[in-house]
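Here's a quick briefing to read alongside the fold.

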Amino acid sequence: MKPAIRFSVLTVSDRCASGEREDLGGPAVIREMTERFDATCLFTEVVPDEPPRITKTLRSWLEDPEPQDLIWTTGGTGLAPRDVTPEATAPVIERRHDALLELARRRCYDITPMTYLSRGISGSTGQTLIINLPGSPRAVVEMIDALADVLPHAIETIRGDVIDNHPNRPRSVDDAKDDTPSR
């Protein structure tokens, strides 16, 4: 049995951080992840659009001894001058994986052409995948839906559970153990 996906959500918004507006993006991520993947949320936080705060929070979560598979950020990915989430996330990511959000934007285009205005990035640090989402709850749901078929495999691969995708070879570490000849 595969372990449940463990994730955290960082909402980036000046207005939500000041209490001027209710955070709707973060709860939408949690709802989608728990309902769709039976995933477990470890941490949530709301911070203003300030790169040092964003970067510091991401790094502290990555250093936490509680292992997490995925960190979502929501908000701060647009074209406004204070939308700085991608820039604040970039120094935390060890290995960029731009294709994930390229796929999500492509799949969301027919629903919302504005999806291409989102500048979110994605990548991994250690065994944690980090993905920037827009702040709109609707966009959050659309983007998670667009990634739903590839996300579990991406997480399994980052965890090290998938050792090879070649059709004639074992797909996981457990499969490889089962195929080891006995002496």
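Predicted model: local features only at pLDDT ≥ 70, side-chain atom pairs only at ≥ 80, totals over all residues.

Residues are numbered from 1 along each chain as its sequence is written, and side-chain values use heavy atoms, with hydrogens and water left out.

**Overall layout**
- The protein has eight helices and six strands, where helices (H or I, at least four residues) and strands (E, at least two) are DSSP runs numbered from the N terminus.
- Starting at the N terminus, the order of elements is β-α-α-β-α-β-α-β-α-β-β-α-α-α.
- Of the 183 residues, 45% count as buried; buried means under 20% relative accessible area, exposed over 50%, and partly exposed in between (1.4 Å probe, protein chains only).
- Take the contacts between residues at least 6 apart in sequence, and 72% of them join residues at least 24 apart; contact here means heavy atoms within 4.5 Å.

**Helices α5 and α6**
- Helix α5 (residues 98-108) packs against helix α6 (residues 137-147) at an angle of about 110°, and their axes are 8 Å apart.
- That angle makes α5 roughly perpendicular to α6, a label covering 65 to 115 degrees, while under 35 is roughly parallel, over 145 roughly antiparallel and the rest oblique.
- Axes are lines fitted to C-alpha atoms, for helices over the stretch in contact, with angles running from 0 to 180 degrees between N-to-C directions.
- On the α5 side the contact uses L100, L101, L103, A104, R105, R107 and C108, and on the α6 side E142, M143, A146 and L147.

**E32**
- E32 sits in helix α2 (residues 25-37).
- With a relative accessible area of 13%, E32 is buried.
- Beyond its neighbours within four places in sequence, E32 is in contact with F37, V141 and I144.

**V46**
- V46 belongs to strand β2 (residues 40-47) and is partly exposed, at 31% relative accessible area.
- Skipping residues up to four places away in sequence, V46 touches T11, S13, C16, A17 and D23.
- V46 and T74 are 28 residues apart in sequence, yet 9.5 Å apart in space, C-alpha to C-alpha.

**Cysteines**
- How many disulfides are there? The count comes to zero, taking a disulfide as a pair of cysteine sulfur atoms within 2.5 Å.
- C16 counts as buried because its relative accessibility is 14%, whereas C41, at 27%, counts as partly exposed.
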